[in-house]
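Dear colleague,

Here is the structure I promised to hand over, and below it you will find what came out of going through it. Please read the notes with the coordinates open beside them.

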Amino acid sequence: MAKRRKGLSQKNINAIVGILIALAGAYIAKNHMGSEGENFNSVQLVSVYDGDTFTVNLPCESDTMCKNAKVRVNAIDCAEMKTEDICEKAAAKKAQKFSENFLHGGEIQLLNCTKDKYFRLLCDVEVNSVSLAQELLKNKLAVEYHGKTKQKIDWCKFK
């Protein structure tokens, strides 16, 4: 007769972790997000991943839920950092630098925040009452995006 191993398998551990992440996201959505979305003022910037994604510390009490919160800018899409396309990578770095400078320009406000499919905060982002999304669009560093299928952009020609 085969021996049974003690403890949980890696597959079971991964399943449990996935369930816990889903429950944490549901908890945040239920307890910290109204139907209109939540607003956060005096947000502390931690890092900027690309033009439309960054990490912040939120002004709330839960270290688990409020520290190193990932934020995605609502209604836009910027070039991706993880790409083989040279033009897209260059556009992504330019958008990242623009967003980093913009977010360091004053008090960050996250408005109308909800959760996206990856459990990131999906927010309208403003600094000194100026919209990051609008500035990225105006500077040709982003395209409008409202979920679903992303449009294919030729970042070499997009100017």
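Leaving aside residues up to four places away in sequence, L132 touches G51, F54, V73, F98, S99, F102, L103 and V125. Please bear in mind throughout that this is a predicted model. L132 is found in helix α4 and, at a relative accessibility of 0%, counts as buried. Its C-alpha atom is separated by 9.7 Å from that of I76, although L132 and I76 are 56 residues apart along the chain.

Among the residues that L132 touches are F98 and F102, which themselves form a stacked aromatic pair, with 6.4 Å from centre to centre and 15 degrees between the planes.

The structure holds two aromatic pairs, and the pair formed by W155 and F158 is edge-to-face, because the ring centres are 5.2 Å apart and the planes stand at 70 degrees. Here W155 counts as buried, at 9% relative accessibility, while F158 is partly exposed, with a relative accessible area of 24%.

To return to α3, its 18 residues should span 26 Å at 1.5 Å a residue, and this agrees with its end C-alpha atoms, which are 26 Å apart. The buried residues of this helix are E88, A91, A92, A95, S99, F102 and L103; seen down the axis of α3, they fall within an arc of 105 degrees, and therefore they line one face of the helix. What covers these buried residues includes the strands β1 (38-50), β2 (53-57), β5 (108-115), β6 (121-127) and β7 (130-131), together with helix α4 (132-138). On the face of α3 turned away from the buried side, by contrast, sit the exposed residues I86 and K94. At the start of α3, finally, a side-chain oxygen of D85 comes to within 2.8 Å of the backbone nitrogen of C87.

How values were computed: Residues are numbered from 1 along each chain as its sequence is written. This is a predicted model: local features need pLDDT of at least 70, side-chain atom pairs count only at pLDDT 80 or more; totals for chains, interfaces and linings use all residues. Side-chain values use heavy atoms; hydrogens and water are left out. Rings of Phe, Tyr and Trp (its six-membered ring) pair if their centres lie within 6.5 Å; planes under 30 degrees apart count as stacked, over 60 as edge-to-face and the rest as tilted. Buried means under 20% relative accessible area, exposed over 50%, partly exposed in between (1.4 Å probe, protein chains only). Helices (H or I, at least four residues) and strands (E, at least two) are DSSP runs, numbered from the N terminus. The expected span of a helix is 1.5 Å times one less than its number of residues. The arc is that of the directions from the helix axis to the C-beta atoms. Contact means heavy atoms within 4.5 Å. A polar contact is a pair of N or O atoms within 3.5 Å; within protein, one must be able to donate a hydrogen and the other to accept it, and residues adjacent in sequence count only if both atoms are side-chain atoms.
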